[in-house]
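Okay, thanks for coming, everyone.

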Amino acid sequence: MIDHSLPLVELHRHLDGSIRLETILELADQHGIALPANDVAGLAPYVHIDKSAPGLMAFIDRFEHMTGVLVDADACRRVAYENVEDAKREGIDYIELRYSPWFMAETHAMNPSEVMEACADGIRAAERDTGVRANIIGILSRTYGVDTCLKELDAILAHRDHIVAVDLAGDEVGFPAYLFQEHFKRVRDAGLHVTIHAGEADGPQSVWSAIHDLGAERIGHGFRSVEDAELVAYLAENEIGLESCPTSNLHISAVESYASHPIKQLADQGVKFCLNTDDPGISAINIVHEYDVAATAVGLSHEQIRQSQIDALDMAFLSPQEKSRLQLKVTQGRAL
Ligand SMILES: [Zn+2]
């Protein structure tokens, strides 16, 4: 279903939700960390979700064994590097990887600023080695509250030159977007882009708030926008694109089935979107899988999926020149 004459772009993937089982096992072994199993097959059921979990926060608990092995900067660098290698294997030409330095640092009391730097190092090295273009989105984990997020923002902005945008993730219901207006004013003042997780666990007012209070240019998930016709029209008219992650939505029980996923209805009404994996290491999927289910189970048309691939590049936090270069590289590369 992927059109190989176009760049394959993924814009919504959590770096710390994308750690190989083999890497978890190796890091645990090196650092004497206890795991519930000592081989890939045994560990998989503790990390992967293959059926619905009861809600977003239960899903976030599945990160335990991933963050559990992030013991130091070397571990972060390795995981970041492997994220880009995995993107290469999936045929991705450009990827935006996101992470919350506070969340990654917490288990082993690392310095969040060092986590930012180590991951950026790993990503840049892997870009050079693989030829995949990658950019970084810093995440504020709203679940930690307003004050801690200010400290997290300091750690992110200390590495401003390595990132293209800032996101807000975590408990959407308990920590609404408007609480973080001061944070995102600083983000915009720093010349960075804004994308916000909204309309996933909470309703349309959360998406409105992400746009009006925080200046969101894109929305992570956003499928509950479908509940508000005025919002759907606004998204379409203002070309605020949705970073859609159908399997992840199914896994947190936010939608009942692929067939009932609102992205089809939103696409029919002219809302821009792109397809993404969110946390492929937990959902046990890759981007090819998401394109496959979009065409079959979700019921998007061939043309809608092709358009979403075009829109993914359009929605990317790249300059127009970088987008043209990426398209040219794909056209020339695939012709060889
Ligand atoms: Zn996400």
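Helices (H or I, at least four residues) and strands (E, at least two) are DSSP runs, numbered from the N terminus.

Now, where this comes from. It's a predicted model, where local features need pLDDT of at least 70, side-chain atom pairs count only at pLDDT 80 or more, and totals for chains, interfaces and linings use all residues. Residues are numbered from 1 along each chain as its sequence is written.

Let's start with the sheet. There are 8 strands, in the order β1-β2-β3-β4-β5-β6-β7-β8, forming an open sheet with parallel pairing; two strands pair if DSSP finds at least two bridges between them. β1 (9-14) and β8 (273-275) are the edge strands, each with a single partner, so one side of each has no neighbour in the sheet. From one strand to the next, the twist averages 25°. For angles, axes are lines fitted to C-alpha atoms, for helices over the stretch in contact, and the angles run from 0 to 180 degrees between N-to-C directions. Helix α16 (302-315) lies across β1, β6, β7 and β8, at about 105° to β8.

So how covered is β5? I call a residue buried if 20 or more other C-beta atoms lie within 10 Å of its own, exposed if 12 or fewer, and partly exposed in between, with C-beta atoms placed from the backbone. By that count, 6 of the 6 residues in β5 (193-198) are buried. In a regular strand, side chains alternate between the two faces of the sheet. Here His 193, Thr 195 and His 197 are buried on one side, and Val 194, Ile 196 and Ala 198 on the other. β5 runs parallel to β4 (165-169), joined by 4 bridges, and Leu 168 sits opposite Ile 196. Further along, β6 (218-221) and β7 (241-244) pair in parallel over 3 bridges, with Ile 219 opposite Leu 242.

Next up, helix α11 (229-237). Leu 231, Val 232 and Leu 235 are buried there. They span an arc of only 100° around the axis, which puts them on the same side of α11; that arc is taken from the directions from the helix axis to the C-beta atoms. Over on the other side, Ala 229, Glu 230 and Glu 237 are exposed. And what covers the buried ones? That includes α10 (204-212) and α13 (263-268).

Last topic: phi angles. Most residues other than glycine have a negative phi. Asp 278 comes in at about 70°, in the loop between β8 and α14 (280-283). Buried or exposed, that Asp 278? With 29 C-beta neighbours inside 10 Å, Asp 278 counts as buried, whereas Ser 253, with 15, is partly exposed.

That's my tour, thanks!

Terms used. Two residues are in contact if their C-beta atoms, placed from the backbone, lie within 7 Å.
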